Amino acid sequence: FAGSVGGTGSADVLRVTQTGDITTFGDASDGIFAQSAGGQQTGKAVTVTLNSGDIVTAGAESNGIFAQSTGQGGRDDITVTIADAHSVVMGGSHTGAAVRFADGATNLLTNHGAISTVDGLSGTPIVGTTGNETIANFGTVTGSIDLGAGTNVFDNASSGLFITGEHVALGSTSTLINAGTLSSGDWGHVQTTTVDGKMTQTGTPVWLVDLGAGGTSDRLAMT
């Protein structure tokens, strides 16, 4: 891990393809740790593909998939694909995420499965930092989102279900696109979700809205 601490040299392209289950129980125990760290030179492209199976990380601060491209001389794109509709990627408690992007350039998560954390609605299953992230959701995402800096897009496709936590932090110049089903706080839970960014809708989107006592209801608060 010399590149992680500023060693000399460039990293190489990294590809990880997983078929089958991964389960971890300890704290800070990632399911897949995929890093191209160039130290004083450049980090290269990182690709992680889950073809089938589940990734469950039960401990605190544990990520289902951690993917990073970094280097003092530059960094490259990160691509993560959850290919199977039956796959579950579940991050750990507290700061644990299902998918965590660290650095990178133009980063893409394509999800056909179910993404969440053990904290459910109160967790943050997708986290970015300084790269430009695009989330293409064809499956289910449950919880809050924090994509960090950069120009980011969360694209909820017509087959997608986005069950939001309290915060969808995309960035002021970034966009939530909804062509699928959007539920603030899931069934039977009246909640206000704060969206940092813009929102557009296409096709025939569906909103699932809970109505509570005293005129309360689910809300999306745009900032």
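Reader: Why is Val209 called partly exposed?

Author: In this predicted model, Val209 has a relative accessible area of 46%, and since buried means under 20%, exposed over 50% and partly exposed in between (1.4 Å probe, protein chains only), Val209 is therefore partly exposed. Residues are numbered from 1 along each chain as its sequence is written, and side-chain values use heavy atoms, without hydrogens and water. Local features need pLDDT of at least 70 and side-chain atom pairs count only at pLDDT 80 or more, whereas totals for chains, interfaces and linings use all residues.

Reader: What is noted about the phi of Ala28 and of Glu61?

Author: Although Ala28 is not a glycine, its phi is positive, about 55 degrees, and Glu61, not a glycine either, has a positive phi of about 60 degrees. Ala28 lies in the loop between strand S2 (22-24) and strand S3 (32-37), while Glu61 lies in the loop between strand S5 (55-57) and strand S6 (65-70); strands are DSSP runs (E, at least two residues), numbered from the N terminus.

Reader: How do you know that strand S7 pairs with strand S10?

Author: Two strands pair if DSSP finds at least two bridges between them, and four bridges join S7 (residues 78-82) to S10 (residues 106-111), so the two strands, which run parallel, are paired. The bridge partner of Thr81 in S10 is Thr110.
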